[in-house]
Amino acid sequence: MSVKIAVGAQWGDEGKGKIIDLLGAQADFIVRYQGGANAGHTVKIKDRKFVLHMIPSGVLNDNVISAIGNGVVFDYDSFIQELNTLKEGGIDPDGKLFISPYAHVVMPYHKEIDKARESARTTKIGTTFKGIGPAYQDKICRCGFRVIDILDKEFFAEKLKENIEEKNFIFERLYGESEKFNYDDILSDCFSKFEIIAKYVKDVSILLDEAIEHNKNILFEGAQGTLLDIDHGTFPYVTSSSTISGGVCIGAGINPTKITEILGVMKAYTTRVGNGPFVTELHDEVGKFLAEKGGEVGATTGRPRRCGYFDSLIAKYAVRINGISSIALTKLDVLGSLDKIKVCTAYNYNGKILHDFIPVARVLENSEPVYQEFDGWSEDISNIKNYEDLPENAKRYIEYIENVTKVPVSIVSVGPERSQSIFKD
Ligand code: GDP
Ligand code: IMO
Ligand code: MG
């Protein structure tokens, strides 16, 4: 029995989808616990590429049961769309895909509020416009709808009235559009779509409890990353959920004593999509090189990802906050052919040297990276299968990361395919 969490250690897009799919071979259950359709998890299997936003990446493994926990904000349109795409591609998740009745639902007005709020902000976060912030906001202020609430037609029809009135009032007063949301349209849209969804609804907390009882292997699929966490990230440039490992207990209804392993998924360099501080960001040829070679384009929004060197302050922070017990180091192949590779070892904050990450945007915006330089390697490593066969300089780079984080690297990913993975030790 194992209960493992795969959590993003940076600002998302670390390659979680690939690692989850890879580990799916040993998993019985793969479970999302937070976030929503803002996630974009790419899985490449031979000549096919799947980008999953709402459905766990486990769905691509035949023997895995996939589940969406209560902590996710459930986007029913995205779910149905993905379901159809999977079925057209010959993957039928029926009978092995479940949604918690207690997951809050992203309503059409949440997406509109997300867009309107973002365009009205002077300091833009650069959200994905998937309605994530407004949906979590309604959960916290106790006026949101859970899956189970929409399935109760009478209850929903009554409560939706109140909600639409409130949203129309806010929209009109703040953004000058009257009668923006139509009660009848939203009600009938929800009723027809939840007819499709009803059969996937199951209590995920109970499902996992029984799985543990039967010594099954459970893998939790983190979305976003540590620095996008609502509490521990670079606020306000964050998402609205608890992305860190601790979010699993709340977002899946599993107690902390059951967790056996926490895998930090860490890119061999750093990227960020959306706004906010990024100390090691590169605006030079190296930055362009990483973006191009790494194919750094947002899987959800298509926006270019900002690129920079590996930041060991972030890595140490992610280890501390999540309790990472081993690291999956991804995209090491992308660094190949760089003559020199820099790693950030400290920040110079207005003349003061910082060795620990501080999640305060103002501090980060005024910090300069202090670098240590490593020699690069020129060989193409994307087909290497054994750790020993990696170039010495690549091994030195990995060992640096192990030393600075005090955590072993257990997987080195050298390409997007399952087969392009080195299991170390
Ligand atoms: P996620 O959100 O963490 O699942 O990551 P994304 O799927 O948004 O972005 C990671 C991108 O890198 C995807 O296009 C993957 O196919 C790709 N990828 C994952 N691991 C590797 C790797 O080791 N090397 C290379 N070159 N690409 C990778
Ligand atoms: P995966 O799971 C990278 C970023 C957005 C924005 C901020 C808030 O693929 O790693 P939101 O729409 O969540 O309110 O946007 O968070 N963001 C991500 N960045 N990867 C993601 O997911 C992200 N999900 C949200 O770009 O800066
Ligand atoms: Mg992504």
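How many residues surround ligand 1, and which are the closest? In this predicted model, where local features need pLDDT of at least 70, side-chain atom pairs count only at pLDDT 80 or more, and totals for chains, interfaces and linings use all residues, side-chain values use heavy atoms, with hydrogens and water left out. Residues are numbered from 1 along each chain as its sequence is written, while chains are lettered from A and ligands numbered from 1 in the order in which they are written.

Ligand 1 is surrounded by 18 residues, and the closest are Lys16, Gly17, Thr42, Asp333 and Ser413; a residue is near a molecule if one of its heavy atoms lies within 4 Å of it. Polar contacts are pairs of N or O atoms within 3.5 Å. Oxygen atoms of ligand 1 take part in two of these: a backbone N or O atom of Gly17 lies at 2.8 Å, and an N or O atom in the side chain of Thr42 lies at 2.7 Å. A nitrogen atom of ligand 1 is 2.7 Å from a polar side-chain atom of Asp333. On its own, ligand 1 has 580 Å² of accessible area, of which the protein covers 91%; accessible areas come from the Shrake-Rupley method with a 1.4 Å probe.

The second largest pocket is the space taken by ligand 1. On a 1 Å grid over the protein atoms alone, a pocket is an open set of points where a 1.4 Å probe fits, with protein on both sides within 12 Å along at least five of seven lines. A molecule sits in a pocket if more than half of its atoms lie within 2 Å of its grid points.

Two or more residues of the shell around ligand 1 come from each of α1 (16-23) and β3 (41-45), and α1 gives the largest share, 3 residues. Helices (H or I, at least four residues) and strands (E, at least two) are DSSP runs, numbered from the N terminus. Domain 1 (3-100 + 200-262) and domain 3 (265-423) each give at least three residues to this shell.

Ligand 2 sits in the largest pocket. Around ligand 2 there are 20 residues, the closest being Asp13, Lys16, His41, Thr128 and Thr239. An N or O atom in the side chain of Lys16 lies 2.7 Å from an oxygen atom of ligand 2. Backbone atoms also approach oxygen atoms of ligand 2: a polar one of Gly40 at 2.9 Å, and an N or O atom of Gln224 at 2.8 Å. The protein buries 97% of the 550 Å² that ligand 2 exposes when taken alone.

Methods. Polar contact = N/O pair within 3.5 Å; in protein donor to acceptor, adjacent residues only side chain to side chain. 1 Å grid on protein atoms, 1.4 Å probe; cavity = no way out; pocket = protein on both sides within 12 Å on 5 of 7 lines; lining within 4 Å. Domains from an automatic or database assignment.
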